[in-house]
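Thanks for coming. Please bring up the model, and then we can go through a few spots.

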Amino acid sequence: MQIAIVDDRAEDREELSACLENYMKKHQLDYTLTEFEDGENFLKAAAQVDFQLVFMDIYMENMDGMEAARSEERRVGK
């Protein structure tokens, strides 16, 4: 499973990442976790990687989470 965490606050990314890693290991699930500090970098990566699960902060500088989600939705045509 490809998982993305998109958040401009490093401490929030770290906290969520630790929770996800504990859960995935406890349930013996295969995963790849990628962190992004902004929506722009997430969108660049999402053009190359099919993320099955995305945790996106809504309030970020520049491109907020809602704008990034709408851009990704338009790109994949859903």
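Asp7 is buried (under 20% relative accessible area, with a 1.4 Å probe and protein chains only), yet has no salt bridge. By salt bridge I mean a side-chain nitrogen of Lys or Arg within 4 Å of a carboxyl oxygen of Asp or Glu. The nearest side chain of opposite charge is Arg9, 5.2 Å away.

A word on the source: this is a predicted model, where local features need pLDDT of at least 70, side-chain atom pairs count only at pLDDT 80 or more, and totals for chains, interfaces and linings use all residues. Numbering runs from 1 along each chain as its sequence is written, and side-chain values use heavy atoms, without hydrogens and water.

Back to Asp7. Where does Asp7 lie? In the loop between strand 1 (2-6) and helix 1 (10-26). Helices (H or I, at least four residues) and strands (E, at least two) are DSSP runs, numbered from the N terminus. The Asp7 side chain does reach the backbone nitrogen of Arg9, at 2.8 Å. Contact means heavy atoms within 4.5 Å. Leaving aside neighbours within four places in sequence, Asp7 is in contact with Asp12, Arg13, Phe36, Glu37, Asp57 and Met60.

Next, Ser17. Ser17 sits in helix 1. Why does Ser17 count as buried? Because its relative accessibility is 6%. Leaving aside neighbours within four places in sequence, Ser17 is in contact with Ile5, Leu33 and Glu35.

That is the tour. Questions, please.

How values were computed: Buried < 20%, exposed > 50% of the residue type's maximum accessible area, 1.4 Å probe, protein only. Lys, Arg positive; Asp, Glu negative; His and termini not counted. Polar contact = N/O pair within 3.5 Å; in protein donor to acceptor, adjacent residues only side chain to side chain.
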